[in-house]
Amino acid sequence: MTAVSITNKRHARKSCSSHFLTVESKDRRNMKREVLTIILGLITAGLAMAQGPMVDRSGTATFFSEAPLENIEATNKEVLGAIDLEKGTLAVSMLMKGFHFDKSLMEEHFNENYVESDKFPRATFKGVISNFAALDFSKSGSFEAEADGEIEIHGVKKPLKTMVKFDVSSKDMKVNTEFDLAVADFDIEIPTIVFKNIAEVVEVKAFFNFSRPK
């Protein structure tokens, strides 16, 4: 085999590898960055992890607005959640553009005019389970605990305490919570013309299903 043919084969292999790297989807790269953000968030908060957190990359978050003229609901099925059962720490991160509405126009207004998703792309929560020491996550069963931390939306950080329900089994752990948020607390301005279409306080729900390490 000639040196030229060997060189051509090497170039072909390099070109093939380059092709597969460049076709990796933008969404996949975003997902990897989101996972890294969550883990780094826990570390920078001083929450050392002995075995690393359990991560759910497809959690669900919804918010519901009940107003005089209409009810509005949006769902995000690409929420990243992490929980460290060694230290009792929690972290959540989601892209605001991941929320989808029944009405496309409402979704457009939500991203462009209200939460300004291009400027403030993510919402996050970092916190701890208040009574973690009294809980036994090694046993199957259901129980509630309070999460105490900080939520950030629209570039504004606020303290947040919320009750969290845990459904624990040998295979997984389902986690859900719900709480209310005042829109004005996060410097989100609602135009007067649509004031009766959007509630001042919205109901937020979140659900995660963490698989236990094998």
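The following dialogue concerns how to read several features of a predicted model.

Me: Which conventions apply to the values?

Reply: This model is predicted, and local features need pLDDT of at least 70, side-chain atom pairs count only at pLDDT 80 or more, and totals for chains, interfaces and linings use all residues. Residues are numbered from 1 along each chain as its sequence is written, and side-chain values use heavy atoms, with hydrogens and water left out.

Me: What is the mean pLDDT of the chain?

Reply: pLDDT is the predictor's confidence in each residue, from 0 to 100. The chain has a mean of 84, and 75% of its residues reach 70 or more. Over residues 2–24, however, pLDDT stays under 50, as it does over residues 43–50. Where pLDDT is low, the predicted coordinates should not be read in detail.

Me: Is Ser65 buried or exposed?

Reply: Buried means under 20% relative accessible area, exposed over 50%, and partly exposed in between (1.4 Å probe, protein chains only). Ser65 counts as buried because its relative accessibility is 2%.

Me: Which residues is Ser65 in contact with, leaving aside its neighbours within four places in sequence?

Reply: Contact means heavy atoms within 4.5 Å. On that basis the partners of Ser65 are Glu70, Asn71, Ile72, Asn197, Ile198, Ala199 and Val202. Ile198 is 133 residues away along the chain, yet its C-alpha atom is separated from that of Ser65 by 6.1 Å. For Ala199, the backbone nitrogen lies 2.9 Å from a polar atom of the Ser65 side chain.

Key: A polar contact is a pair of N or O atoms within 3.5 Å; within protein, one must be able to donate a hydrogen and the other to accept it, and residues adjacent in sequence count only if both atoms are side-chain atoms.
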